Amino acid sequence: MFGLEKKDARLLILVAVLVAFAPFILNPFPEGSGLAQFNAGYPDLMQRFVIFGIFAIGFNILFGLTGYLSFGHAAFLGVGSYAAMWMMKLLTMNVIPGIVVSVIVAGVFSLAVGWISLRRSGIYFSILTLAFAQMSYSLAYSVLTPLTGGETGLQPKITDPRILDAALAPGATPKANLFGLEMGSSVELGMGSWLFTFNAGYYVAAIVMLVAFYMSIRIFRSPFGMMLRAVKSNQQRLNYTGLNTKPYTLAAFVISGMYAGLAGGLMVAMDTQVGAERMFWTASGEVVLMTILGGVGTLIGPVLGAGAIKYMENILSKINSDILHTWFAFLPDGLEDFVVTLIYPFIGKGWHLTLGLIFMAVVIFLPGGLVEGGQKIAKLFKRKSPVDDSPDGKTTPAE
Amino acid sequence: MGILEVKNVGKRFGGLQALGDVNLSIAENSVHAIIGPNGAGKSTLLNCLVGKLIPDTGSVMFDGQSVLGRKPYEINQMGISRVFQTPEIFGDLSVMENMMIPCFAKRDGSFKPNVFINMLKDREIVERAEHMLEEMNMSDKRHMHAASMSRGDKRRLEIGMCLSQEPRLLLLDEPTAGMARADTNNTIDLLKQIKEERNITIAIIEHDMHVVFSLAERITVLAQGTPLVEDTPDNIKGHPKVREAYLGETQEAA
């Protein structure tokens with residue numbers, strides 16, 4: 001199907017089904033029940049799942065295949081966001097031009113950054129990319145204020161030219177749309193005490209994500225993808241095999257920069273505002289965590305990692321001590337307080353602590369990330385012959 | 001006129017004259033060994049041939065074209081393949097993929113962004129790689145992780161990868177270093193077989209005299225960065241200068 005091997009086609013279909021039914025899958029608990037706060041099926045968060053999924057898929061093409069660890073990918077995300085925002089200010093609130101231009105602008109920017117950074121490898125490459133990202137961040141805050149809005153960032157304003165759009169009705173605010181379909185519009189479906197939300201923006205982002213995922217599978221299985229893995233494995237041999245590694249790594253860098261730009265453009269399409277903090281180095285670090293948590297060099301890993309981190313960031317951080325008290329109300333008073341005190345550092349603002357612990361556990365016990373964990377569980381259920389485990393990129397453990 | 005002509009090559013590292021004034025001519029379709037004690041400049045010379053180092057003086061001509069100033073990948077594309085002292089293969093990739101990469105490089109050149117081709121559907125490359133694995137007697141290992149093979153198998157794969165590109169000159173840098181005796185003998189047999197079956201020139205740098213005298217048709221002895229003598233193996237064995245500089249001690253060791 002679509003030129004994919006059976007195994008990859010099955011994976012793509014599985015992801016498509018999961019993404020299509022995500023509003024159901026992520027809302028397993030009825031409204032008003034104690035567990036309802038673990039529901040992740042609201043539009044804002046679902047959009048973030050798929051957008052950061054795209055970001056991580058792209059990052060994995062660079063880091064997972066070539067082994068070049070970029071610490072500045074948030075810069076491309078930010079540049080993509082600004083580009084999309086300007087399209088919305090100047091052309092139209094339709095998201096298509098914004099998304100297309102964000103990919104192009106991020107591609108050009110990553111070509112420039114990659115051209116310079118790829119002169120070095122290893123830690124020096126990482127530091128060069130980090131320097132570029134921090135430079136972009138600082139510039140966006142200071143001298144580039146006319147372009148970036150500085151500290152206030154950019155939002156679409158009623159007074160923006162928007163040459164392609166008809167004049168706004170009096171009192172209306174500009175809203176991102178796809179040929180009239182507003183990104184923020186949702187259909188709600190109540191079933192008993194369950195409430196499912198189907199958001200237009202989420203499905204637009206999800207379709208883009210599926211296309212991005214499909215492209216990454218094609219890249220992984222192409223000769224180009226194999227050369228990228230060869231770069232990671234042994235650059236010396238590649239050079240002495242008559243292959244010039246520079247264009248390969250640069251192409252991988254630009255492709256992953258374009259994925260980041262795409263994610264940035266989608267962010268603006270879903271939530272029409274952008275600020276420089278999007279380019280801060282912690283944002284670059286986050287995508288590294290996502291990729292490693294999910295499984296470096298695997299197809300689906302980055303998406304899982306992005307989902308896991310965004311889930312924790314949005315769900316775990318919302319639990320406060322009051323909620324804990326209601327959970328453990330069945331315990332005797334003294335014990336209740338004790339248990340709550342014990343758990344409290346790991347929730348709410350302390351969710352980073354939980355993330356850190358999980359991350360350490362994954363790196364130590366599952367170097368192949370969540371994907372390796374899944375494979376281990378799958379192996380427990382069906383004892384396959386070891387011959388099936390051909391080293392084909394997906395099952396190859398990451399270094 | 002040999003296929004590889006090295007003229008007046010010199011290379012200096014700081015205060016050390018690694019290569020003095022090397023003249024070397026390797027005849028087409030011959031097996032030429034370069035031997036010499038440690039520090040004689042063998043590896044430096046080899047690195048000058050493949051573009052890793054650029055000599056300070058002199059010229060290196062391959063088939064009438066200068067290789068100086070060209071990048072390693074360009075020199076490879078000219079028809080020179082190199083086998084390293086420690087097998088350099090793609091350890092994270094399968095044996096089959098290892099073999100496919102040089103096949104792609106041979107057909108598609110130094111860079112081709114063919115992103116939308118399924119590499120397993122490229123019949124020409126797959127067949128070529130499978131054929132080469134068969135020739136190397138490695139078909140049964142095609143799905144193995146290259147890094148998990150024995151040293152001898154890695155060497156065999158590396159040589160196969162080089163041969164798949166049909167090079168005109170194969171450079172071997174101590175191909176049996178660190179190998180068990182059985183693996184060494186297998187490698188010798190493999191190289192003999194290659195020599196018989198292909199139109200190929202082989203230049204070999206080697207410490208192990210057993211390997212050198214089983215394979216070489218001409219031998220150049222390097223000492224302190226300059227060629228001492230160049231002759232046939234039989235004459236080299238009895239050459240007084242060589243005995244003095246080098247062979248005396250190693251023959252006892254071997």
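How many residues of domain 1 of chain B are in contact with domain 2 of chain B, and how many residues of domain 2 do they meet? In this predicted model, 20 residues of domain 1 of chain B are in contact with 15 residues of domain 2 of chain B.

View 1. Chain B is divided into domain 1, which is made up of residues 1-79 and 168-254, and domain 2, which covers residues 91-166. The centres of domain 1 of chain B and domain 2 of chain B, taken over C-alpha atoms, are separated by 27 Å.

**View 2. Polar links and contributing elements at the domain boundary of chain B.** The count between domain 1 of chain B and domain 2 of chain B is 1 salt bridge, and the side chains of B:Arg198 and B:Glu135 meet in a salt bridge with an N to O distance of 2.7 Å. Between the two domains of chain B there are also 4 residue pairs in polar contact, both residues of each pair being at pLDDT 80 or more. The elements that give two or more residues to the side of domain 1 of chain B that touches domain 2 of chain B are α2, β7 (169-173) and α6 (181-197) of chain B, and the largest share of that side, 7 residues, comes from α6(B). By class, the residues on this side of domain 1 of chain B divide into 10 nonpolar, 6 polar and 4 charged.

**View 3. The interface of chain B and chain A.** Here 41 residues of chain B are in contact with 31 residues of chain A, and the area buried between the two chains is about 3,300 Å², of which 61% comes from carbon and sulfur atoms. The count between chain B and chain A is 3 salt bridges; one of these joins A:Arg229 to B:Glu97, whose closest N and O atoms are 2.9 Å apart. Across the interface of chain B and chain A, 20 residue pairs are in polar contact, with both residues at pLDDT 80 or more. On the side of chain B that touches chain A, two or more residues are given by each of α2 (72-78), β6 (80-83), α3 (95-108) and α5 (151-163) of chain B, and α3(B) gives the most, with 6 residues. That side of chain B has 22 nonpolar, 11 polar and 8 charged residues.

View 4. When neighbours within four places in sequence are left aside, B:Arg181 is in contact with B:Asp208 and B:His210, and the side chains of B:Arg181 and B:His210 are joined by a polar contact of 3.4 Å. B:Pro72 lies 109 residues from B:Arg181 along the chain, and the C-alpha atoms of these two residues are separated by 32 Å.

Conventions
Residues are numbered from 1 along each chain as its sequence is written. Chains are lettered from A and ligands numbered from 1 in the order in which they are written. This is a predicted model: local features need pLDDT of at least 70, side-chain atom pairs count only at pLDDT 80 or more; totals for chains, interfaces and linings use all residues. Side-chain values use heavy atoms; hydrogens and water are left out. Contact means heavy atoms within 4.5 Å. Buried area is the accessible area (1.4 Å probe) that two parts lose on being put together, summed over both. A salt bridge is a side-chain nitrogen of Lys or Arg within 4 Å of a carboxyl oxygen of Asp or Glu. A polar contact is a pair of N or O atoms within 3.5 Å; within protein, one must be able to donate a hydrogen and the other to accept it, and residues adjacent in sequence count only if both atoms are side-chain atoms. Helices (H or I, at least four residues) and strands (E, at least two) are DSSP runs, numbered from the N terminus. Ala, Val, Leu, Ile, Met, Phe, Trp, Tyr, Cys and Pro count as nonpolar, Asp, Glu, Lys and Arg as charged, and the others, Gly among them, as polar. Domain bounds come from an automatic or database domain assignment.
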